Amino acid sequence: MPEFIDDNDFGGYFEAFEHTAWRLETRRGYASDRASEKFHRWSESGVLPDDSHRPWCRNVRRQTAAGKRIERVRLVDTPLTPEQRYLLAGAKANNAAGEDIRTLRRDEADRLGLGSEDFWLFDACRALVLHFDKADEYLGAELVTDPARVVRFCRLRDAAWHFANPREALVTEAE
């Protein structure tokens, strides 16, 4: 079992990075989303409230205004799962704040050998690997600083980013 960082330290990585924070998001859905009232309201109405004031978006605006990049590639299925449609709808606020969220079809990710590790990569020198159980429950984040593993994450980032499409390419499908 990997050693997890203290969950209270997780947010600090998004304050302390110097240049880039990049994520490969591989889950088909997250238990925390499915359990949220926001997800249930969206499931019923298809509408998400404007939440561009939430702490994540405020930090994205602050970091990108300082010249830093926050990017993510989200793997998506054909057809999109309800959770993926929800995340795609919610990404509008993240994109507006300055985070560049792109999508990559799972079959293309499989062809590229991207694997299933869900992780954040910071400044190409450390990573947080997010661990989940089979029910998509978050277990914790493992800090990775081993150069060989970090280089592998950099290669995965480069391949995923090269083939990923802007979020807007899937918006019509998600609605």
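Which residues in helix 3 meet helix 5, and which residues in helix 5 do they meet? Lys38, Phe39 and Trp42 in helix 3 meet Pro82, Glu83, Arg85, Tyr86 and Ala89 in helix 5, where contact means heavy atoms within 4.5 Å. This is a predicted model: local features need pLDDT of at least 70, side-chain atom pairs count only at pLDDT 80 or more, and totals for chains, interfaces and linings use all residues. Residues are numbered from 1 along each chain as its sequence is written, and side-chain values use heavy atoms, with hydrogens and water left out.

**Helix 3 and helix 5**

- Helix 3 spans residues 37-45 and helix 5 spans residues 82-97; helices are DSSP runs (H or I, at least four residues), as are strands (E, at least two), numbered from the N terminus.
- Their axes come within 11 Å and cross at roughly 100°. Axes are lines fitted to C-alpha atoms, for helices over the stretch in contact, and angles run from 0 to 180 degrees between N-to-C directions.
- The contact residues divide into five nonpolar, no polar and three charged. Ala, Val, Leu, Ile, Met, Phe, Trp, Tyr, Cys and Pro count as nonpolar, Asp, Glu, Lys and Arg as charged, and the others, Gly among them, as polar.

**Nonpolar cores**

- A nonpolar core is a set of buried Ala, Val, Leu, Ile, Met, Phe, Trp, Tyr and Cys residues joined through side-chain atoms within 4.5 Å. Buried means under 20% relative accessible area (1.4 Å probe, protein chains only).
- The largest core has 22 residues. Phe10, Trp120, Phe122 and Leu128 have the most contacts inside it.
- Helix 1 (13-16), helix 3, helix 4 (55-65), helix 5, strand 4 and strand 5 each supply at least two residues of this core.
- Helix 5 gives the most, with four residues.
- Another core lies apart from it and has 18 residues, among them Leu24, Val73, Ala109 and Val150.
- In soluble globular proteins, nonpolar side chains tend to be buried together.

**Backbone features in loops**

- A cis peptide bond joins threonine 78 and proline 79, with omega about -5°. Proline 79 sits in the loop between strand 2 (69-76) and helix 5.
- Aspartate 123 is not a glycine, yet its phi is positive, near 50°. Its loop runs between strand 4 (118-122) and strand 5 (126-132). Aspartate 123 is buried, at 17% relative accessible area.
- Aspartate 136 also has a positive phi without being a glycine, at about 70°. The loop between strand 5 and strand 6 (138-144) holds aspartate 136. At 15% relative accessibility, aspartate 136 is buried.

Key:
Buried means under 20% relative accessible area, exposed over 50%, partly exposed in between (1.4 Å probe, protein chains only).
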